[in-house]
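Let's walk through this structure together, with an eye on its aromatic rings. Keep the 3D view open as you read.

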Amino acid sequence: YAPWCGHCKNLEPKYNELAEKLSGESGITIAKMDATANDVPAPYNVRGFPTIFFAPKGRKSNPKKYESGREVEDFIKYLAKEATDELSGWDRKGKEKRSDL
């Protein structure tokens with residue numbers, strides 16, 4: 001993330017919506033870091049903006065670069081599939097679980 005990056009600014013509302021939708025998921029943290037104002041740890045190889053990484057629970061030193069779609073539904077599908085523990089609100093394919101059953 002870079003505060004001056006137009007692509008980052010366009011992504012921010014989607015990222016905020018994603019964080020809101022997943023706020024009840026105890027095993028998922030949605031975070032952003034200003035890579036222009038912070039030292040970026042070595043495994044997070046940032047070459048352009050926005051650069052998105054997924055760090056599986058317990059393996060922050062081995063992140064995966066996210067290179068899929070940039071819509072909220074794309075992020076949810078990816079996280080539902082890749083999360084260490086299954087999400088409580090979505091199945092592994094990213095389909096929302098019904099709570100009225």
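Searching the whole structure turns up six aromatic pairs. One of them joins Tyr44 and Phe53: their ring centres lie 5.2 Å apart and their planes meet at 80°, so this pair is edge-to-face. Another is Tyr66 with Phe75, whose centres are 5.1 Å apart with planes at 40°, so the pair is tilted. Here rings of Phe, Tyr and Trp (its six-membered ring) pair if their centres lie within 6.5 Å; planes under 30 degrees apart count as stacked, over 60 as edge-to-face and the rest as tilted.

This is a predicted model, in which local features need pLDDT of at least 70 and side-chain atom pairs count only at pLDDT 80 or more, while totals for chains, interfaces and linings use all residues. Residues are numbered from 1 along each chain as its sequence is written, and side-chain values use heavy atoms, with hydrogens and water left out.

Tyr66 is buried at 2% relative accessible area, and Phe75 is buried at 4%. Phe53, at 22%, counts as partly exposed. (Buried means under 20% relative accessible area, exposed over 50%, and partly exposed in between, using a 1.4 Å probe and protein chains only.)
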